[in-house]
Amino acid sequence: MGIMEIIGIAGSVSLLSGWRLYLCVFATGFAMRLDAIPIPEHLASLGVLENPWVMGIAALGALAEFFADKVMWLDSIWDTVHTLVRPVGGALLALAIVDPSDPVMQVVAFLLGGGASFLAHGGKASARAVVNTSPEPVSNVMASSAEDIATVGLLYVAYEYPLVAGAIALVLLVLVILLLLWARRVIKKLFFRTPQNTQEPGG
């Protein structure tokens, strides 16, 4: 596995962790148990993800997030609580993917992984805050379900086709930036409206 493939996988997993950290950990461990993911020798540290305790805790977290993320405003509270958890988790996953014999690469992976997770988390949290302004709760369910499906699907593609992982990371990065820009524009319109000048009669 080449350096670009490793960077692509690390970037994809880190970005996806900003959306669904617990699901990323559980899905990766489950796929490893089924031998669906061929893990190279230097990525043996990922084997901890298929530990029953790790998978059990990740499954509980994923289940709690599955329901919490579909309830209006509860999803934003959940996102706020995980503002620190997701970036750290994404950084650690990225750290586990790179070659442990290269300390420089590990530091780079940790910093970039944490930054990518934080960026993805910020895009998700901002977009969901905007969705919460919609009066119908179905918007939350649709947005959350789309994130669930996208996370599982993209995670599978990233591990199964390492050459595609880099492209996935770039697409996710662009999507996250677009979400941030869109959410910023909507929030600015909602909360920072400039009052129109009203002219009194005879003035």
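Leu 154 touches Leu 16, Ile 168 and Leu 172, leaving out residues up to four places away in sequence. Contact here means heavy atoms within 4.5 Å. The model is predicted, so local features need pLDDT of at least 70 and side-chain atom pairs count only at pLDDT 80 or more, while totals for chains, interfaces and linings use all residues. Residues are numbered from 1 along each chain as its sequence is written, and side-chain values use heavy atoms, with hydrogens and water left out.

Leu 154 lies in helix α6. Its relative accessible area is 26%, so Leu 154 is partly exposed. Buried means under 20% relative accessible area, exposed means over 50%, and partly exposed falls in between (1.4 Å probe, protein chains only). The C-alpha atoms of Leu 154 and Ala 165 are separated by 8.6 Å. These two residues are 11 residues apart along the chain.

The protein chain holds 7 helices and 0 strands. Read from the N terminus, its elements run α-α-α-α-α-α-α. Helices (H or I, at least four residues) and strands (E, at least two) are DSSP runs, numbered from the N terminus. Of the 203 residues in the protein chain, 41% are buried. Among contacts with a separation of 6 or more, 75% join residues 24 or more positions apart. The protein chain exposes about 11200 Å², and carbon and sulfur atoms supply 74% of that area. Accessible areas come from the Shrake-Rupley method with a 1.4 Å probe; for residues, only the protein chains shown count as cover.

The largest nonpolar core has 31 residues. Val 13 and Ile 97 have the most contacts inside this core. Two or more residues come from each of α1 (3–33), α4 (85–97), α5 (103–131), α6 (138–160) and α7 (162–191). Helix α1 gives the largest share, 11 residues. A nonpolar core is a set of buried Ala, Val, Leu, Ile, Met, Phe, Trp, Tyr and Cys residues joined through side-chain atoms within 4.5 Å. In soluble globular proteins, nonpolar side chains tend to be buried together.

Trp 19 belongs to helix α1. Its relative accessibility is 7%, so Trp 19 counts as buried. Not counting residues up to four places away in sequence, Trp 19 touches Glu 65, Arg 86, Ala 120, Lys 124, Ala 150, Thr 151, Leu 172, Leu 175 and Val 176. The C-alpha atoms of Trp 19 and Leu 119 are separated by 9.9 Å, with the two residues 100 residues apart along the chain.

Pro 87 sits in helix α4. At 10% relative accessibility, Pro 87 counts as buried. Beyond its neighbours within four places in sequence, Pro 87 is in contact with His 82, Gly 114, Ser 117 and Phe 118.

Helix α2 (residues 52–68) packs with helix α3 (residues 74–81) at an angle of about 140 degrees, and their axes are 9 Å apart. Axes are lines fitted to C-alpha atoms, for helices over the stretch in contact, and angles run from 0 to 180 degrees between N-to-C directions. Helices α2 and α3 are therefore oblique to each other. Angles under 35 degrees count as roughly parallel, over 145 as roughly antiparallel, 65 to 115 as roughly perpendicular and the rest as oblique. Gly 61, Ala 64, Glu 65 and Ala 68 in α2 meet Leu 74, Asp 75 and Trp 78 in α3.

The loop between α2 and α3 contains Trp 73. Trp 73 is not a glycine, yet has a positive phi of about 70 degrees. Most residues other than glycine have a negative phi. At 46% relative accessibility, Trp 73 counts as partly exposed.
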